[in-house]
Amino acid sequence: MRSLRKTVLLIILVSVVLVLALLHSWPTRAYTTVDVWQRHGPIVERRLEKRLPDPDHRLGNIPFHVRDSVASLLARNGCVCEGDSGGVNLPFAQLLFPRVSAQPLHTAFESAELEEVKRRRAKEYKSFQKRSQTPADILIIAEANNPLQYPTQGVEVRPLKTIIIPGLALRSLPRDHYSINITASLGTLNVAADVDGVKIKGDGEMHMMLSSPLLLNLNQQLQFVTYTNTLFHPNTADTVRFETEGHEAIFSINIRHGLTPKLYNTGSKAADYNISALVTIATKTFLRYDKLQDLIDSVRRFYPNVTIVIADDSENPKTISGPHIEHYIMPFGKGWFAGRNLAVSQVTTKYLLWVDDDFIFTANTKLEKLVDVLERTTLDLVGGAVREATGYTATYRQTISIEQGEEDGDCLHIRRGFHHVIQGFPNCVVTDGVINFFLARTDKVQQVGFDPRLARVAHLEFFIDGLGSLHVGSCDDVTVNHATKIRLPWVSQSESDKTYAKFRYPLASSDATQLKNGLLFFKNRFQCLTHN
C-alpha cells in the first residue's frame, strides 16, 4: 500500500512539473484576428481604377488638336474583335495571304445560361482583382516644386519587420516653425534616435507628427524615421502620406518576402554544357508506341544519358523500359495537358525539353544551342523548329496581346510573328508563343502549369496563361524532324491509328472546342478572339 502511495505521489509531482514547464514555454504573444482581404478603401479603389489623373479645370478653355496618328495607338475604353472581310477562297490562300478572323467566345455557352455565367465570372474577377492589386499599383503624381523630399520607389520591408525610411527631408523657405505629418495604414511609425530640438507626437502609431523651429534639426530627425509592418501579408504595399503645411506627397512601401531561389546543382566543372545534367526530355504519348520508340532511339544516338520522362494515357499501356527512362501510366484518355503536367512534375533538372512523341532527333537537334540561349539571356523558354517530311520547317511563332475591355471582358489577339531579334543570336527572336519543341526553365513551366481540362485541343493556351510571366524566344537553327504523316493509298490504317485520330482531331463543333472557348471566356475573362 505504501509503495502504491509513493507511486501516485510521484506521478502527481511529475505531472505538476510538466504542467509548469508547459505554461512557462507557452507563447505569450497575443494573436489578433486580421482581415486578409485587400480592401483598399474607396479612395484607393478609385485611384486603382483610374488610368489618368483628374484634369486640371484651369485648362478647360484652352483649345487643342488631336493627333489621330498618335491617339489611335492609345487604349480605348472598350475593345472589339474585328476580322477581315472579303478575301479569295483559293488553295493555300490563308497561308499566302493571311486574313484575321474574329471569334466570339460566349457562344461556348447556351443562351439560357449565359447571364448566370457572366454573373459568376464578374464575381470571380472582382475577387481576383482584390488578390492581385496592391496600393503599389496606384497612379501617383508628384506635385510641382514640392518642398518634400521622399523616396519614389525601391522602399521594401519584410512582413512584420522594421526599416528606416530613406530619403525623407524638408526643403523649405525660412520660417518660425516647421512641422511634418507622416501617416501609414499597414504599419506603425517611430524614430530610431531622438534629435535635440525636435518634438515628436504619435511615435509607435500609424500617424506621427514631427515639429521643430530648427529646419536642420528636423531634417536630421527625418533620417531616423522607421516603419514597422504590423499587418501580415506575404506580398502587398502600404501607401504612406508625407505632409507639411500646404503640401502632400504619397509614396509606397512594398511589403513582401524576398524571393526564395530554386537553384540547380549540375555538378559539372566543364566549360561545355553537360546536357544530361542540365536537361530532361519530357513527352506525352497515346497509342503510338512505334513512333515513341523511334523518338527514343533517335535521342539515344545523340544524347545517350539524358533522362526521358513519358506520360502515357493509352488504354492498354505497353512497357517502355531502358536506361534513363521514366514511364508514368495515367487513366485512359486523361488528356494532353494532364499528361504534360504529370511529365513536367517529375523533372528535377534545371531545364526541360518538351517534344511530341513522333519527333525524330537529327544532327541538327543541337540542345547545346538552346541551353546557351537560356544561360546567356533572361528568357524562360526558347522554341526550336520542326521539319516536316516535305522539307517545310515551322517555328509557329505567335505574338499574343490583350486589349482591355469593360464588363464584357477583354479581347485576345493572336498573330503570326515576333517582336525583335535577340542580340548575339541572329537566328533567335523574342515572341510570345512557339511550337511544341521547346527548352524551358523547369520551375517557370511548373509555375504556369497546363490546364488539365484541355484534354484534346490545346497548345497556345499554355502561353496565354503564361503571358506576363513567361519570357519566350524562338530559334530556327535548332531543328527536329517530324515523322511523316503521309499515308500511301494502298496501306490500310491500323486500329490504333484510327483511335488516335478520333481523339486527336475532334470536329470544330465538338465538345473539346466548346470547352476550350468556354475556358477562354470564363477563366481568362476574354469576350472574343482574333487570329490569323
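Colleague: Which residues of H9 are buried?

Modeller: In this predicted model, the buried ones in H9 are Trp336, Phe337, Ala338, Gly339, Arg340, Ala343 and Val344. The helix spans residues 336–345 and is mostly covered, with seven of its 10 residues buried.

Colleague: And what do the buried residues of H9 pack against?

Modeller: Quite a list. There are the strands E13 (279–285), E14 (307–312), E16 (351–354) and E24, plus the helices H11 (442–448) and H12.

Colleague: How many aromatic pairs turn up in the whole structure?

Modeller: A search of the whole structure gives 11. Take phenylalanine 438 and phenylalanine 462: their ring centres are 6.3 Å apart and the planes sit at 5°, so that pair counts as stacked.

Colleague: Where in the chain do those two sit?

Modeller: In distant parts of it, 24 residues apart. Phenylalanine 438 belongs to strand E24 (residues 438–441), while phenylalanine 462 belongs to helix H12 (residues 460–465).

Colleague: Are phenylalanine 438 and phenylalanine 462 buried or exposed?

Modeller: Both are buried.

Colleague: OK, on to the nonpolar cores. Which residues touch the most other members in the largest one?

Modeller: That core has 39 residues, and the ones touching the most other members are Val279, Leu353, Phe361, Phe437 and Leu439. Apart from it there is another core, of 38 residues, including Ala311, Trp354, Leu454 and Leu470.

Colleague: What does leucine 439 touch, leaving out residues up to four places away in sequence?

Modeller: Leucine 439 contacts Val279, Tyr351, Leu352, Leu353, Leu370, Val371, Leu374, Asp380, Leu381 and Val382.

Colleague: How many bridges join E7 and E10?

Modeller: Five, in the antiparallel sense, with E10 covering residues 225–229. Glycine 187 is opposite asparagine 229 in E10.

Colleague: Last one: what do arginine 121 and arginine 525 lie over?

Modeller: Aromatic rings. Arginine 121 is over the face of phenylalanine 521, 4.2 Å from the ring centre. Arginine 525 has its charged end over the ring of tyrosine 125, at 3.8 Å from the centre.

Key
Residues are numbered from 1 along each chain as its sequence is written. This is a predicted model: local features need pLDDT of at least 70, side-chain atom pairs count only at pLDDT 80 or more; totals for chains, interfaces and linings use all residues. Side-chain values use heavy atoms; hydrogens and water are left out. A nonpolar core is a set of buried Ala, Val, Leu, Ile, Met, Phe, Trp, Tyr and Cys residues joined through side-chain atoms within 4.5 Å. Buried means under 20% relative accessible area, exposed over 50%, partly exposed in between (1.4 Å probe, protein chains only). Contact means heavy atoms within 4.5 Å. Rings of Phe, Tyr and Trp (its six-membered ring) pair if their centres lie within 6.5 Å; planes under 30 degrees apart count as stacked, over 60 as edge-to-face and the rest as tilted. Helices (H or I, at least four residues) and strands (E, at least two) are DSSP runs, numbered from the N terminus. A charge sits over a ring if NZ of Lys or CZ of Arg is within 6 Å of the ring centre and within 35 degrees of the ring normal. Two strands pair if DSSP finds at least two bridges between them.
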